[in-house]
Amino acid sequence: MTKFEAGVRIERTAEFKISKSDIASGLVETVGNFVLKGWADGGVSGLLSLTKVITSANIEESVEARAWRIVILSFAWSIGHIVDQGAVDKVVAANTLQDVMQNIKNEVENSDYRIDADFLKYPASLNLYNLVKNRFIDELVKRGALRDYEREPTSYKINIAFNRAVFEVWSRRTDYFQPISDIIASPGYDAVRQDAAWLSNSYALKHAFSVAPVFGQSDISLEQLYVPLRAFWQEAKEPDGVKMEPELLDSEIHFTYLEEAIDEWMSNKDDTDWLRLIGGGPGSGKSTSLKAIASKYADRLDWRTLYVPLQHIGISGDLRESVNSYFTWLGGGAFNQPPLSRDSAESGPPFLLIFDGLDELIAPNQAASDVIVGFASKLNSLMLSLQGDSLRQHKVIVSGRLPSFQLATKLIHAPAHGRLEVFGFTPYSDYPEHALNAIETIDQRPEWWKKYSTSKQIDDKVPAAFESSQLEGITHEHLLF
């Protein structure tokens, strides 16, 4: 029995201790058939076909041959799976994959690729698999079948399918693969469970925004009424050559759409710019906007998004443990293992952590500044531990009502453009004359009413109340609407 401590070498030539014709057409042809003939349908039939192909060769073949066989055919199944999802044309994918396989044979023969214990825990970490996958994606981009910005989401999609294929096939024929491993019978088990939990979490975030009824309504979701929220940030202006205390400085106000500002930040690869603070009054719509952002990034496989309602977690101890406990034990989601585990941080996409409700941490008779200083310290420790576990660029959003937000801007380090204060539907009252065409001058109430009236199938004429200055205090706020 092969011991795994030293690793099992994967040799391209070792696999073919069968006939010469198989070297020329067998495995490469089979790879193409998986994609072209639809065997990898994402269900049981595709996996059964994969099991049959893998175990149809000579049972006397070497352990290296079996290792190569499960890696390459599981990869073929994962490509077939994304073809079935419509991500790539099947003919282009099959031709590209076969070309990559042919071109990579010599490189594999002359290199020392090994399967080790990491493969058993998380199959998509295997260096040989990543070599083939990256070449495949590069070729698709060259051939115009994939856009450059689709590289990362496609890579994560293939990883999830690959983990599942290895786990399912190995589980069905542990007798065949036993010589490869005497550590566990089902490699990829933890990874598959982890992927499934994150997928369930994504569905929950999308459901909360797109399906669940909005407060006070039985048949309308947040998405149906969502109007992108505006925000502003302030930049202190210090007179030339004059040093002044920060509170005495004049400020220049910059207006933006909150979601656009978050999107721009999310695409920023600066690992020192990991925090955004968002503040607004009660009912100002910040939580709705954060749920929209969470739903949007839950739909992307290049991020793992957690929406953390701070009122439901205890942070008396370590923040990472508090988050893990909430999602694993306290009903915060479908996780049966900690979402911020070291494995998740090291092997999966980067995290987007949304902490909503900073003010909810402040109990009666508590000093707000003490609570926020404590949270800031725990948040910094969390980020240090996550970044220590991986090279990924995790991101954090923290929101709160105005008093806690204003304290946080002083006590939690974030760049000036990362301290965003939202405002409601009516035009921002304090803006210069030259800004009459800017976003802060827009009245968003008619846009909201159009969405609401369409959803309720009622008259879309804007109510007269929207024009009443006496009711602005009500019609300004999302919740009061």
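Helix H3 is largely enclosed by the rest of the structure, because 20 of its 22 residues are buried, where buried means under 20% relative accessible area with a 1.4 Å probe and protein chains only. This is a predicted model, in which local features need pLDDT of at least 70 and side-chain atom pairs count only at pLDDT 80 or more, while totals for chains, interfaces and linings use all residues. Residues are numbered from 1 along each chain as its sequence is written, and side-chain values use heavy atoms, with hydrogens and water left out.

**The chain as a whole**

- The chain has 18 helices and nine strands, which are DSSP runs numbered from the N terminus (helices are H or I with at least four residues, strands are E with at least two).
- Of the 481 residues in the chain, 49% are buried.
- Among contacts with a separation of 6 or more, 71% are between residues 24 or more positions apart, a contact being heavy atoms within 4.5 Å.
- The accessible surface comes to about 22700 Å², and carbon and sulfur atoms hold 50% of that surface, as given by the Shrake-Rupley method with a 1.4 Å probe.

**Helix H3**

- H3 covers residues 63-84, and its end C-alpha atoms lie 32 Å apart, which agrees with the 32 Å that its 22 residues should span at 1.5 Å a residue; the expected span is 1.5 Å times one less than the number of residues.
- Just after H3, Gly86 takes a positive phi of about 85 degrees.

**The second largest pocket**

- The second largest pocket has a volume of about 670 Å³, a pocket being an open set of points on a 1 Å grid over the protein atoms alone, with protein on both sides within 12 Å along at least five of seven lines.
- Its lining has 30 residues, of which Lys157, Ile160, Asp195, Leu199 and Leu301 are the closest to its centre; lining residues have an atom within 4 Å of a point.
- H3, helix H7 (151-172) and helix H9 (189-210) are the elements that give two or more residues to this lining, and H9 provides the largest share, eight residues.
- The lining of this pocket divides into 16 nonpolar, six polar and eight charged residues, with Asp, Glu, Lys and Arg counted as charged, Ala, Val, Leu, Ile, Met, Phe, Trp, Tyr, Cys and Pro as nonpolar, and the others, Gly among them, as polar.

**The cavity**

- One cavity of 30 Å³ or more is found in the whole structure, a cavity being a set of points where a 1.4 Å probe fits but cannot get out.
- Gln194, Trp198, Phe335, Gln337, Pro338, Pro339, Ser341 and Ser344 line the largest cavity, with four nonpolar, four polar and no charged residues.

Notes
Grid points are joined across faces, edges and corners, and a volume is the space filled by probe spheres set on the points. Buried means under 20% relative accessible area, exposed over 50%, partly exposed in between (1.4 Å probe, protein chains only).
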